[in-house]
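Biologist: I am new to this kind of picture. Please show me how to read it, one feature at a time.

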Amino acid sequence: MKPHLKTGLLLALLATLSYQNLAIAGAKLFAGTGAAATTEFTNFKTAIKSATTQDGSLINWDAVKLDGTDANPNTRVIQQGKTVEIPIDRFKVRGVIFADPYTVSGDGFAAANPATTGQFPAFTPSNTFAMFDNKNGEFKDRKIEQSFVLVNTTTGAGTRGFGAIFLDVEQEGSSSIEYFGRDAANNKISLGKFYVKPSGKSGEPQFLGVLFDAPVVSDVEITPGARALFSFDSNSVKAFGAENLAQGIDLAVTDDFIFAVPETLKTSTAKVSEADCLFNWAEKTLADYFPANSGSTQTWAPYRFRYYNYSKSYVGISYSDYHLYYLGPNGVIQDVGAAADWFTRAQCW
Ligand SMILES: [Ca+2]
Ligand SMILES: [Ca+2]
Ligand SMILES: [Ca+2]
């Protein structure tokens with residue numbers, strides 16, 4: 001069979017298959033940049049309400065006082081009136097406990113890192129949220145980790161979905177949310193890591209949220225940007241400096257968090273990454289084209305892909321636009337649709 005005929009047949013086959021599993025949806029991705037960030041944020045809120053029949057929990061950081069009078073006595077002023085460190089239980093009232101103290105800023109982190117002034121316009125004025133490094137002069141700490149609890153308790157719980165507004169994500173792979181659940185033995189397992197789609201323009205908001213079909217999310221790990229904006233070792237603040245996109249240093253922060261009110265956690269089964277799950281499914285469903293175990297998943301930014309020597313073809317997910325691509329022996333790359341739809345069809349969420 002000629003390669004291009006094979007490609008045509010495969011695409012026809014993929015198109016036929018695409019409608020078989022539509023009824024089964026384990027999870028749904030909501031993502032948008034710029035004006036679409038607001039739309040997707042609203043859509044996610046609506047989806048939470050319709051899935052749980054109650055409004056989601058919202059944290060917009062705006063009520064956190066920056067002058068030392070914040071309600072929780074453990075909130076510590078880093079820069080008077082500008083930057084504070086909030087304790088891990090500051091938002092227990094909404095059903096979250098942080099892994100570490102993090103930081104709220106009222107001036108877009110301009111006082112904490114002057115070289116980023118104007119980079120992070122608040123989605124909801126005026127406070128925004130980020131991590132900082134507590135080692136003097138180090139900026140390695142990139143993660144905001146939080147666990148869900150029953151509101152106003154320290155009892156572990158699960159949410160059906162979590163989403164966050166990011167500010168100024170401009171590069172592939174710089175920012176992400178990874179969702180974790182628990183298996184029957186209470187081991188922490190990844191339910192999938194999702195990268196924030198970047199904007200081509202500085203200072204824009206992005207939204208990323210995933211809504212699952214049950215309260216399976218016990219924890220989330222949010223990575224805004226490539227570095228912490230500043231370090232604070234209890235004595236002095238040291239600024240990281242400006243972002244440098246040419247060198248792959250994309251700085252970002254977060255604003256509004258929205259999530260379904262935590263309830264009793266439902267355990268889930270361990271999952272491979274959504275990319276591996278999808279490729280495994282393709283190998284099972286289209287074994288003639290993608291013989292199983294013929295190659296491992298590889299990364300070539302922005303793609304995660306597998307190569308099949310047998311059919312001289314590649315199947316890959318682009319984390320730039322979240323589409324699935326097929327590259328056959330004729331060298332023509334073909335877009336075969338939104339990866340989110342394929343994850344759903346392959347029951348990878
Ligand atoms: Ca805000
Ligand atoms: Ca920027
Ligand atoms: Ca940036």
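Modeller: Begin with a sheet. Five strands, in the order β5-β8-β13-β10-β11, form an open sheet of 5 strands with antiparallel pairing. Two strands pair if DSSP finds at least two bridges between them. Strands (E, at least two residues) and helices (H or I, at least four) are DSSP runs, numbered from the N terminus. This is a predicted model: local features need pLDDT of at least 70, side-chain atom pairs count only at pLDDT 80 or more, and totals for chains, interfaces and linings use all residues. Residues are numbered from 1 along each chain as its sequence is written, while chains are lettered from A and ligands numbered from 1 in the order in which they are written.

Biologist: Which strands are the edge strands of this sheet?

Modeller: An edge strand pairs on one side only; here these are β5 (96-98) and β11 (188-195). On average, neighbouring strands are turned by 20 degrees against each other, direction ignored. Axes are lines fitted to C-alpha atoms, for helices over the stretch in contact, and angles run from 0 to 180 degrees between N-to-C directions.

Biologist: How many bridges pair strand β10 with β11?

Modeller: Strand β10 (residues 176-182) pairs with β11 over 7 bridges, in the antiparallel sense.

Biologist: Which residues of α3 are buried?

Modeller: Count C-beta atoms, placed from the backbone: a residue is buried with 20 or more others within 10 Å of its own, exposed with 12 or fewer, and partly exposed in between. In α3, the buried residues are E274, A275, L278, F279 and A282. Seen down the axis, they fall within an arc of 135 degrees, so they line one face of the helix. That arc is taken from the directions between the helix axis and the C-beta atoms. The elements covering them include β11, β18 (303-308), β19 (313-318) and α4 (339-345).

Biologist: Where is L245 found?

Modeller: L245 is in the loop between β15 (237-239) and β16 (253-259). It counts as partly exposed because 15 other C-beta atoms lie within 10 Å. Contact means C-beta atoms, placed from the backbone, within 7 Å. Leaving aside neighbours within four places in sequence, L245 is in contact with E170, Q171 and D250. Q171 is 74 residues away in sequence, yet the C-alpha atoms are 7.5 Å apart.

Biologist: What does I88 touch beyond four places in sequence?

Modeller: I88 touches I97, F98, D100 and P101. I88 lies in the loop between β4 (83-86) and β5.

Biologist: Where does pLDDT stay under 50?

Modeller: pLDDT is the predictor's confidence in each residue, from 0 to 100. It stays under 50 over residues 15-25. The chain averages 88, and 90% of the residues score at least 70.

Note on methods
Contact = placed C-beta atoms within 7 Å.
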